[in-house]
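This report describes how the parts of a protein model pack against one another. Please consult the sequence and the structure shown below while reading.

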Amino acid sequence: MTRHEDKEAAVRRLLDTPHPPVPGDLARRAAERGSRRLHRARRVRRALWVLGVIAVAVFFAWASVARPWEVPPAETTPPLDGW
Amino acid sequence: MGEQRSGHGAERTYRAREFDAFVAGAAGRLLHTATLLTAETRTRNPHAQALLTAALAHTYALWGRSPDEDPYELARRELVGRFARTAWRHHGGRGGVLSALHPQERLVLVLRLYEGVAEEQAAALLGLPVARVRAVCARSVAALRAAARSDGTARGRAA
């Protein structure tokens, strides 16, 4: 077990080298890209909301004209003649 | 509308300031992790930089959404996930310390031994069973030791 831990410690030392230099504009580029993503997501969400509202409005307009809850007049009743 | 826009602007500068402070503190370590993963060298690591930029952009977009979450862990999770999805691009080494290992072996080794992530957490992060993480880690350590040894003997013979 200790041998295994020794080996792991050796590999840790191998990995623990000085950090590479970070490009100066990394934070700016990442922030720009992130804010673009954020805005795109916001636009998509807004568009979906607008679509949903339009769909609801169209449904109510149709329903108030077509009145689908009313029983349609019977079409199969024979005409009442000679009464 | 104008009020809303200025509200967005204030939010953006606040977020940007916090984000800049985070990047200033964490980018060095994260870039080192990314460079180990892509097996590039310290001075030439375009893939690692691209990976880190994408991961940080994701972190920026989610900034402040869940205040309990450590942004470093969020960035690391995104970095690891991105690397795992594009691992086939990083099959061959590019002269880094871990060039001898496969992408998955690099992932496990870096998470366990450089980042110090617990076995269970690393397994959850990579979607692997814990036993597999342990096995891959042991195998990678052995492979690295063998590579170092053969390198050493080769160097000894050359000297």
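## Domains of chain B

Chain B of this predicted model is divided into domain 1, covering residues 1-92, and domain 2, covering residues 100-159. Where the two domains meet, domain 1 of chain B contributes twelve residues and domain 2 of chain B contributes ten residues.

On the domain 1 side of this contact, the elements that give two or more residues are H1 and helix H3 (71-85) of chain B. H3(B) supplies the largest share of that side, with five residues. By class, the domain 1 side comprises seven nonpolar, three polar and two charged residues.

## Packing of H4 and H5 in chain B

The axes of H4(B) and helix H5 (residues 119-126) of chain B come within 10 Å and cross at roughly 145°. The crossing of H4(B) and H5(B) is right-handed.

From H4(B), the residues making the contact are Leu107(B), Val108(B), Leu111(B) and Arg112(B), and from H5(B) they are Glu119(B), Ala122(B), Leu125(B) and Leu126(B). Six residues of the contact between H4(B) and H5(B) are nonpolar and two are charged, with no polar residues.

## The side of chain B that touches chain A

Between the chains, 27 residues of chain B are in contact with 21 residues of chain A. Four elements of chain B each give two or more residues to its side of this contact: helix H1 (2-38), helix H2 (46-61), helix H4 (103-114) and helix H6 (130-158).

H1(B) accounts for the largest share of the chain B side, namely twelve residues. In composition, the side of chain B that touches chain A has 15 nonpolar, seven polar and five charged residues.

## A helix pair across the two chains

Helix H2 (residues 26-66) of chain A packs with H2(B) at an angle of about 55°, and the axes of the two helices are 7 Å apart. Because of this angle, H2(A) is oblique to H2(B). The crossing of H2(A) and H2(B) is right-handed.

H2(A) brings Leu26(A), Arg29(A), Ala30(A), Ala31(A), Arg33(A), Gly34(A), Ser35(A), Arg37(A) and Leu38(A) to the contact, where they meet Thr53(B), Leu56(B), Ala57(B), His58(B), Tyr60(B) and Ala61(B) of H2(B). The residues of the contact of H2(A) with H2(B) fall into eight nonpolar, four polar and three charged.

Definitions and conventions
Residues numbered from 1 in each chain as written. Chains lettered and ligands numbered in written order. Predicted model: local features only at pLDDT ≥ 70, side-chain atom pairs only at ≥ 80, totals over all residues. Contact = placed C-beta atoms within 7 Å. Nonpolar A, V, L, I, M, F, W, Y, C, P; charged D, E, K, R; others polar. Domains from an automatic or database assignment. Axes fitted to C-alpha atoms, helices over the stretch in contact; angles between N-to-C directions. Left-handed = near helix turned anticlockwise from the far one by under 90°. Parallel < 35°, antiparallel > 145°, perpendicular 65-115°, else oblique.
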